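Hello,

Here is the structure I promised to pass on to you. Please have a look at it first, and then read my notes below.

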Amino acid sequence: MGANSSSISELPENEYLKKLSGAEPISENDPFWNQLLSFSFTTPTNSTDLKLLEEATISVCKSLVEKNPRTGNLGSLIKVFLSRTKELKISAECQNHLFIWQAHNALFIICCLLKVFISRMSEEELQLHLTYEEKAGPGSYGAECEDLIEELLCCLIQLIVEIPLLDITYSISLEAVTTLIVFLSCQLFHKEILRESIIHRYLMRGRCLPYTSRLVKTLLYNFIRQERSPPPGTHVFQQQTDGGGLLYGIASGVATGLWTVFTLGGVGSKASPQLEQCSPLASQSLLLLLVLANLTDAPDMPNPYRQAIMSFKNTQDNTAFSSSNPHAFQINFNSLYTALCEQQKSDQATLLLYMLLHQNSNVRTYVLARTDIENLVLPILEILYHVEERNSHHVYMALIILLILTEDDGFNRSIHEVILKNITWYAERVLTEISLGSLLILVVIRTIQYNMTRTRDKYLHTNCLAALANMSAQFRCLHQYAAQRIISYTCRHLRRYVYVLDKLYFPHSHCSTLQHCFSTLSDNGEELLSLTCSHILRSYASSLFSLLSKKHNKVLEQATQSLRGSLGSSDSPCPDYAQDLNVIEEVIRMMLEIINSCLTNSLHHNPNLVYALLYKRDLFEQFRTHPSFQDIMQNIDLVISFFSSRLEQAGAELSVERVLEIIKQGAVALPKDRLRKFPELKFKYVEEEQPEEFFIPYVWSLVYNSAVALYWNPHDIQLFTMDSG
């Protein structure tokens, strides 16, 4: 076969790869390594070819796994790489393409081999593979070899933080980041979260520890800069006409397809839409940063990478660093903010934004002080608006970011002062001009509605309602459509509540008219009820709530027991409508509190909300004596009565403009002291206990789906469940 392999399929028979995985030890000084690192074959250009590459070389890898304990050839290859990296910085400055090219090729082979080794053995076994002692003399290698993993890890970190990013160094910088991810990928092959790990230990103490802040800073700057791949061949030594080397083609393939992102099925839920990878180094650096930041704390020390993320400051901040955190550093917040605004289409960028807002008070303060906050909020709203196209984790992160932002009263005021023009992605209504605050309300209500009808996730709607509640006291000049949606959404659940009660308390009733109305009711058909059966609803609700006000809890308990009995078994689950009752009641209660908060704190700023409330007053009046809502209904009922009276005095056939004028005048005259005071609605996001149980599988699912030029057999993955939907 000679010196060349013309295709991937010929690799298993390649003489150099066979020698590497054979039974003979190869000295690190053997000329073989130069031959191995200058061999060429056709470049893989897509994920299918990359999978074929792994499948074609699996026999070589298996042979190496079997023979390496006796030959130590993997350790020799690593030492060859380590010896060549000592001159990399000078090589970059001198534009020494050949030296950098061969160092990259060595690292590429190491990375491919490590990926297979790590997927097939424990960390302890891997460590044994790299503690080979040369037969030339017992103890001649000894303790030095014990630290070969640490030496390689430290070398990779030094390469990332110290080698200048040039066209000729782009590929080896990317490969170093990728190899660190591979080192940490042992988590993929465990169902439980790894809390004790050899690799983690090396990264969080010893020789790697002093590089913590520099590594985090470099990875952040890689993300910020979004450097594109250099043109093909710019970083590769010119291939010789007589054959050349194993990885010429691979090295030259950086911009031609090998390093583009690929997705292999969903993880847990549907994967994010495929994104074009303009900057593979930026994407890979962000993934490594997320993995490092989510390593579990060691028993005797916290995760230093998370500490660095929690404490870094703006380059314009001249205050002294705290001596309690040795990993703090400075970075340009303006550049970071711009990158975060531009990259929110990806799960990983949204997750980074969440981490920074939640954990780094310097970043949070800076973001909340920005006068162009819409550049950050609009991409987050767009994620929520296209909820059906996103995986649930991405939606959660976007929603929690909004919740964190709405904890700040300044944010809640300022978003109503930002006026937006022509929001093209909002399809329900043409919005030629609307405030950012009103748009946020519309999108969050739409998200709650989607969740209540499709995913039925209590966590999601609770956080949506919490964000609206945080904003409610600062609602200002609500757009008429936003005001209408607040009221109509509340009414929708009030009507749904009546329907569920009908099914609970009178499961065999034949109120077909009421049932038909609810089954045909839609966002645009809410008036069906008032047109076709308002008299049924009013009389039915009145008598039912009279009953409930006397024996609400007892009746509910008896009805539920009776219902279960009629199903034939005490273990039988209640129908959906029985399970829905508490959820619907919770949503109604919170929506009423949000409306009440606005009315008591900023009624005079929101005539459109009062208008929408008066338009639906018949339904609200029926709930004034309901035991679960009557306290919060006092203020709403007072506002309805006050403005209804003023409208009646003004006469019939009033135009919309005239009604709004009367409302504005009445807002000044309304005696505020008659409104009952309630505690301020304030909700704060707090991570649940053991957040790593959520975040570590999530981060690794992003790595699995989005990592550049990395493929893992889905059948080997244990950390999360595959889902192709």
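D300 is exposed, at a relative accessible area of 57% (exposed means over 50%, buried under 20%, and partly exposed in between, with a 1.4 Å probe and protein chains only). D300 forms a salt bridge with R205, their closest N and O atoms being 3.1 Å apart; a salt bridge here is a side-chain nitrogen of Lys or Arg within 4 Å of a carboxyl oxygen of Asp or Glu. This pair links distant parts of the chain, 95 residues apart: D300 sits in the loop between helix 15 (280–293) and helix 16 (304–311), and R205 in the loop between helix 11 and helix 12 (212–225). R205 counts as partly exposed, at 29% relative accessibility. Helices (H or I, at least four residues) are DSSP runs numbered from the N terminus.

Before you go further, please note that this is a predicted model, in which local features need pLDDT of at least 70 and side-chain atom pairs count only at pLDDT 80 or more, while totals for chains, interfaces and linings use all residues. Residues are numbered from 1 along each chain as its sequence is written, and side-chain values use heavy atoms, leaving out hydrogens and water.

The whole structure has 15 salt bridges. In one of them, E692 meets R195 at 2.9 Å, N to O. E692 lies in helix 34 (residues 692–706) and R195 in the loop between helix 10 and helix 11 (198–204), so the pair ties together parts that are 497 residues apart in sequence. E692 is buried at 18% relative accessibility, whereas R195 is partly exposed at 36%.

Now to the cysteines: there are 0 disulfides in the structure, a disulfide being a pair of cysteine sulfur atoms within 2.5 Å. For C154, the nearest cysteine sulfur is that of C208, 4.7 Å away. C154 is also buried, at 2% relative accessibility.

What about the interior? The largest nonpolar core has 232 residues, and L439 and F620 have the most contacts inside it. Such a core is a set of buried Ala, Val, Leu, Ile, Met, Phe, Trp, Tyr and Cys residues joined through side-chain atoms within 4.5 Å. Helix 6 (residues 97–120) gives the largest share of this core, 13 residues. Among the residues that L439 touches are L378, W425 and Y426, where contact means heavy atoms within 4.5 Å.

Helix 10 is mostly covered, with 15 of its 15 residues buried.

Best wishes

How values were computed:
Helix = DSSP H or I, 4+ residues; strand = E, 2+ residues; numbered from the N terminus. Lists of a residue's contacts leave out its neighbours within four places in sequence.
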